[in-house]
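This briefing presents a predicted model. Please view the structure below before reading the points that follow.

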2 protein chains.
Amino acid sequence: MHFLAPPPLGLLLSQTAKVIGRAMEDAMAAEGGTVPVWQVLLTLKTRPVSNQRELAAAVGIQGATLTHHLNAMEDDGLLTRRRSPGNRRVHEVELTERGEELFARLRGVAVGFDQRLRSGFSPEETATLAELLTRLKSSVDDPE
Amino acid sequence: MHFLAPPPLGLLLSQTAKVIGRAMEDAMAAEGGTVPVWQVLLTLKTRPVSNQRELAAAVGIQGATLTHHLNAMEDDGLLTRRRSPGNRRVHEVELTERGEELFARLRGVAVGFDQRLRSGFSPEETATLAELLTRLKSSVDDPE
DNA sequence: ACCATATCATTAGATGTCGAACGATTCGAC
DNA sequence: GTCGAATCGTTCGACATCTAATGATATGGT
């Protein structure tokens, strides 16, 4: 009786992502952050998003999930939301001083973590890995 | 001002895993299953686990999470739990006929999905990807 | 034999995620 | 201009996951 002879690629991928994601969470938590909060902060600082829908898309989560995090971040004093005068449907999101400070700290965490991930590999290997992952994602993501 | 110049490896990994995991969920749902249910079924059929703790470890989830799924699966008539006569702390888990049937169907889904993932790559490429992912996981997972 | 400790599983409460339904506002066709 | 459709964000209910606390049973040291 013959099941799945080779370890399925999807399983290996999800297990690896789980382990790495977990380590990333731990690293972020040590500086008082979380992964989704870091992703929101990074996107706000590095991309011109004009509303929450674009912000959610850039982070890679749904609008409902973003609302959830923005509520918590606003409660924590990391950002403010106010309705745009030009279009009263959209909420303009802006970082507070506290938000800026947390961003700076978490950026250090993210940089260090990325170096840690790359440390066991040659530049060629990381490039190969990035290329294969990108192709894998595209092959499932894009309608082709 | 210089942030994270290259796309961070962890981000690419998590995004790829999210897309592939999502597609896997859709494929499983089309046959009336879910990813965690499939993982539980596969482990029960292919590994000798003598209690739920081992089952959870083999699947890669915590005991509490496993209890959650086993409750649902038992309610759905996919398996039965009964206390071991030898050690009344442990629950012996056994698939029902319905559980066996679902396993057979989901196995087809898993095989097809794995082929789909591999279809855009040469055997050498999939081997390289598997090797790099394994090394990446080990570098973070193992105490070294 | 007894009691402290370890083991196995469940329960309780939290987080992050999603889809669907819902208000509020804007846009566009007529 | 008005009213139906689209857009923006929130709310609601669901699911998978985790940690910590709890209950039930077994083990071991004295």
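The points below turn to the dimensions of chain A, its surface and its aromatic pairs.

**Overall dimensions**
- The radius of gyration of chain A is 18 Å, whereas a compact globule of 144 residues would have a value near 15 Å.
- The C-alpha trace of chain A spans about 65 × 35 × 30 Å along its principal axes.

- Of the 144 residues in chain A, 40% count as buried.
- Among the contacts in chain A with a separation of 6 or more, 43% are between residues 24 or more positions apart.
- Chain A has an accessible surface of about 8,100 Å², and carbon and sulfur atoms contribute 52% of that area.

**Aromatic pairs**
- Over all chains, the count of aromatic pairs is two.
- A:Trp38 and A:Phe103 form a stacked pair, with 5.7 Å from centre to centre and 15° between the planes.
- This pair links distant parts of chain A, as A:Trp38 lies in helix H2 (residues 35-46) and A:Phe103 lies in helix H5 (residues 97-118), 65 residues apart.
- Both A:Trp38 and A:Phe103 are buried.
- In chain B, B:Trp38 and B:Phe103 form a stacked pair, with 5.6 Å from centre to centre and 15° between the planes.
- That pair joins helix H2 (residues 35-46) of chain B, which holds B:Trp38, to helix H5 (residues 97-118) of chain B, which holds B:Phe103.
- B:Trp38 and B:Phe103 are both buried.

Conventions. Residues are numbered from 1 along each chain as its sequence is written. Chains are lettered from A and ligands numbered from 1 in the order in which they are written. This is a predicted model: local features need pLDDT of at least 70, side-chain atom pairs count only at pLDDT 80 or more; totals for chains, interfaces and linings use all residues. Side-chain values use heavy atoms; hydrogens and water are left out. The radius of gyration is taken over C-alpha atoms; the globule rule is 2.2 Å times the number of residues to the power 0.38. Buried means under 20% relative accessible area, exposed over 50%, partly exposed in between (1.4 Å probe, protein chains only). Contact means heavy atoms within 4.5 Å. Accessible areas come from the Shrake-Rupley method with a 1.4 Å probe; for residues, only the protein chains shown count as cover. Rings of Phe, Tyr and Trp (its six-membered ring) pair if their centres lie within 6.5 Å; planes under 30 degrees apart count as stacked, over 60 as edge-to-face and the rest as tilted. Helices (H or I, at least four residues) and strands (E, at least two) are DSSP runs, numbered from the N terminus.
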